[in-house]
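Subject: Handover of a structure

Hello,

I am passing on the structure below, together with notes on what was found in it. Please read the notes with the structure open.

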Amino acid sequence: MGKGKNLLMTEVLKHVTFGQPDMRTWIFSSVDNCHYNYNSRYLFEYVKEKVKEVTPYFVINDERLRKELSDRYGEDYFIETNTAAGIKKVLSAGVWFTSAGLPVYGTKLKKDRLIINLWHGVPLKKIALMDPNLNKWSRLYFKKIFSENYSCIVTTSQSLVPVMARSFCVPEKKIKIWGQPRNDRIFAHTDRAAYLEKIYEKLPEYDTSVLYAPTFRDYGPTRLFPFSDYDKAALEEFLEKNKMLLFIRTHIKEKSAANAYLTERVRYLGEEMAEDVTGVLGIFDQLITDYSSIYIDYLLTGKPLIFLPYDKEKYLEGRGMNFNYDEVTPGPKPETMGEFLGEIKAFKDGKDAWEKERKRVNEILNQVTHPCCEEICSHVLNAAREMEKRGHRRDKER
């Protein structure tokens, strides 16, 4: 079912008498209701295991994925909103969480329920209504279907409150500094060898792993290793000598672009292999990126960063940034392959000239530096109880 049809059906069904929504039924959703990822996934898994007074459901409209997840976690947890019955089930729930979009589309949906936007990252770049590429009709749609429906929007720092408020056109009081559920995994130990062995049949001996996660560009392909002196054989020799593995994670549309760079020690780690890599960022000893906000999550590990903003002027001109790029990217920006390998080697050898800068930026963008799922659930349970009481009072007055 397309978004338009879903919107029409939801607008009709919301007028059916459901009574007071069940504040102990929580609905989770993510991108297009077809992906099991982002903050919604991690909070859902926490609620399923830890919050026994709540019945959680995750909306997955992709039948194949829904079956796969039902086989893995239990068939009682995954639902669809492609049918009237599925939409009714969502409308009967008192609490919704989303990381992108909504479990169903409609207007004035937050009446008698809580709709919490967990979002899916720190907005280094312009997002939502601040995106300069969003047209007039898309802005109107966004405001009516999304902004006006949110009870609150979650972020990670006081410095981001005004940014999120402007991006979603909501009052600052609706922005809550509750952290990102997916980052709870950063604070937990993940067995690196066990995780990688599930993905790759055989890896060469290594003691250091590096993740390279560049941003997708709308205006052309990403230049991986954008150095005039790039040498594939020299990179492989360097990695072998230093017992390192380098994992490239491009946007799924650019998977083929990575093939020319892959070797025994340079491996591809795409979305189809690990849909949401932020949950296991802690297994990597270094991160390389350009404009992706993944590095802001990675700051929580305290580990080193390298940036390759080879097309900074063009990229920033088209998308725009919420912060001065150079002031919030605490790491070297090598321009040659020699410099690039030198920075990787220096970090491996414990030579870290950027540690203080990383701490400074982390304090600006990551105010929540501990697991947050338990606190988020506590906030929402309290708000749900209050809303439930108000509903009971209204029922008595009728």
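Over the ring of which residue does the charged end of R223 sit? The ring belongs to Y310, and the charged end of R223 is 5.1 Å from its centre. There is another contact of this kind at K48, whose charged end sits over the ring of Y77 at 5.3 Å from the ring centre. Please keep in mind throughout that this is a predicted model.

Aromatic residues

The structure holds 30 aromatic pairs. One of them joins Y36 and F44, in an edge-to-face arrangement with 6.2 Å centre to centre and 85 degrees between the planes. Both Y36 and F44 are buried. Another edge-to-face pair is made by F225 and F340, with 6.1 Å centre to centre and 70 degrees between the planes. F225 lies in the loop between β8 and α9 (232–241), while F340 is in helix α13 (residues 337–348), so this pair ties together parts that are 115 residues apart in sequence. F225 and F340 are both buried.

Y36 and F44 also belong to an aromatic cluster, which is made up of W26, F28, Y36, F44, F58, Y73, Y77, F78 and F97. Y77, a member of this cluster, is the residue that has the charged end of K48 over its ring.

Strands β4, β5 and β6

F97 leads on to the strands. Strand β4 (residues 93–98) runs parallel to β5, and four bridges join the two. The bridge partner of F97 in β5 is I116. On its other pairing, β5 is joined by two bridges to strand β6 (residues 152–155), again in parallel. Here N117 stands opposite I153 of β6. Between β5 and β6 the chain passes through helix α5 (residues 136–145), and this β-α-β crossover is right-handed.

In a regular strand the side chains alternate between the two faces of the sheet. Strand β5 (residues 114–117) is covered on both faces: L114 and I116 are buried on one side, I115 and N117 on the other.

The five-stranded sheet

Five strands form an open sheet with parallel pairing, in the order β10-β9-β8-β11-β12. Which strands stand at the edges? They are β10 (266–268) and β12 (305–307); each has a single partner strand, so one side of each is left without a neighbour in the sheet. On average, neighbouring strands of this sheet are turned by 20 degrees against each other, direction ignored.

Within the sheet, strand β8 (residues 208–212) pairs with strand β9 (residues 244–248) in the parallel sense over five bridges. L211 stands opposite F247 in β9, and Y212 stands opposite I248 in β9. From β8 the chain crosses through α9 to β9, and this β-α-β crossover is right-handed. The pairing of β8 with strand β11 (residues 286–289) is also in the parallel sense, over three bridges. There Y212 stands opposite I288 of β11.

Is β8 enclosed or open to the outside? Five of its five residues are buried, so β8 is largely enclosed by the rest of the structure. Both of its faces are covered, with T208, V210 and Y212 buried on one side and S209 and L211 buried on the other.

The last item is A384, which is in helix α15 (residues 373–397). A384 is buried, with a relative accessible area of 0%.

Regards

Terms used
Residues numbered from 1 in each chain as written. Predicted model: local features only at pLDDT ≥ 70, side-chain atom pairs only at ≥ 80, totals over all residues. Heavy atoms only, no water. Buried < 20%, exposed > 50% of the residue type's maximum accessible area, 1.4 Å probe, protein only. Pairing = 2+ DSSP bridges. Right-handed = clockwise from strand over helix to strand, strands pointing away. Axes fitted to C-alpha atoms, helices over the stretch in contact; angles between N-to-C directions. Phe/Tyr/Trp six-rings, centres within 6.5 Å; stacked < 30°, edge-to-face > 60°. Lys NZ or Arg CZ within 6 Å of the ring centre and 35° of its normal.
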